[in-house]
Amino acid sequence: MNGSSVLVVEDEALILLDIQSALEDAGFLVVAANSAALAIEAFDADPKSFKALISDIRLGSGKTGWEVARHLRQANSALPVIYISGDSDIHWGAEGVPGSVMIAKPFAVVQVITALSTLLNQHVPASPPPSKD
């Protein structure tokens with residue numbers, strides 16, 4: 001995958017900071033956004049620089065996390081997506097993008113790191129087949 005950053009979208013400042021810090025401590029580059037509009041703006045500026053999305057569902061006024069993920073998936077249909085929510089997880093089956101993961105709040109940040117690592121490992125390009133020389 002070409003991207004190097006994880007886009008994290010969360011309108012609650014303390015949760016955003018906790019996720020960002022934990023991901024950075026785990027070795028990930030993070031672009032943090034506190035609204036759907038800022039997340040979409042960051043992504044649209046350079047879609048190939050992102051390797052995953054972690055998004056809350058309810059992001060205040062404007063678009064939801066569901067809509068952010070669908071927007072990003074238009075540019076990268078294989079982009080790993082993790083949703084986090086305190087009350088919207090019951091809608092994940094109908095609203096979530098295919099292959100996404102839902103993590104219910106409250107959560108331990110290690111759950112997010114584990115889910116992200118799992119999704120990224122599933123999207124690692126396969127090695128070329130051995131040559132028959």
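Let's start with a lysine: K105 counts as buried, with a relative accessibility of 19%. You are looking at a predicted model, in which local features need pLDDT of at least 70 and side-chain atom pairs count only at pLDDT 80 or more, while totals for chains, interfaces and linings use all residues. Residues are numbered from 1 along each chain as its sequence is written, and side-chain values use heavy atoms, leaving out hydrogens and water.

Now for the overall layout. The chain contains five helices and five strands, where helices (H or I, at least four residues) and strands (E, at least two) are DSSP runs numbered from the N terminus. How much of the chain is buried? Of its 133 residues, 43% are buried. The chain exposes about 7200 Å², with 54% of that supplied by carbon and sulfur atoms; accessible areas come from the Shrake-Rupley method with a 1.4 Å probe, and for residues only the protein chains shown count as cover. As for contacts (heavy atoms within 4.5 Å), residues 24 or more positions apart account for 63% of those with a separation of 6 or more.

The five strands make an open sheet, ordered β2-β1-β3-β4-β5, with parallel pairing. At its edges are β2 (29-33) and β5, each of which pairs on one side only. From one strand to the next, the twist averages 20°. Two strands are taken to pair if DSSP finds at least two bridges between them. By that rule β1 and β2 pair in the parallel sense over five bridges, with V6 standing opposite V30 in β2. Further along the sheet, β3 and β4 run parallel and are joined by four bridges; here L53 has V81 in β4 as its bridge partner.

Helix α2 (residues 36-45) lies across β1, β2 and β3, and runs at about 160° to β1; axes here are lines fitted to C-alpha atoms, for helices over the stretch in contact, and angles run from 0 to 180 degrees between N-to-C directions.

Next come the charged side chains. Side chains of opposite charge can pair when their charged atoms come close. The working criterion for a salt bridge is a side-chain nitrogen of Lys or Arg within 4 Å of a carboxyl oxygen of Asp or Glu. The lysine we began with is part of one: E10 and K105 form a salt bridge in which the closest N and O atoms are 3.0 Å apart. E10 sits in the loop between β1 (5-9) and α1 (13-25) and K105 in the loop between β5 (101-104) and α5 (109-122), so this pair ties together parts that are 95 residues apart in sequence. Is E10 buried or exposed? With a relative accessibility of 0%, E10 counts as buried.

The E10 side chain reaches the backbone nitrogen of E12 at 2.9 Å, and a polar contact of 3.0 Å joins the side chains of E10 and K105. A polar contact is a pair of N or O atoms within 3.5 Å; within protein, one must be able to donate a hydrogen and the other to accept it, and residues adjacent in sequence count only if both atoms are side-chain atoms. Leaving aside residues up to four places away in sequence, E10 touches I15, L16, A33, N34, D56, L59, I84 and K105. Salt bridges also link E10, E12, D56 and K105 in a network.

The structure holds five salt bridges. One of them joins R58 and D87, whose closest N and O atoms are 3.3 Å apart. R58 is in the loop between β3 (50-56) and α3 (65-75) and D87 in the loop between β4 (81-85) and α4 (92-95), so the pair ties together parts that are 29 residues apart in sequence. R58 is exposed at 55% relative accessibility, whereas D87 is partly exposed at 40%. Another salt bridge joins R70 and E95, with the closest N and O atoms 3.4 Å apart. This pair links distant parts of the chain, as R70 in helix α3 and E95 in helix α4 are 25 residues apart. R70 is partly exposed, at 35% relative accessible area, and E95 is partly exposed too, at 31%.

Key
Buried < 20%, exposed > 50% of the residue type's maximum accessible area, 1.4 Å probe, protein only.
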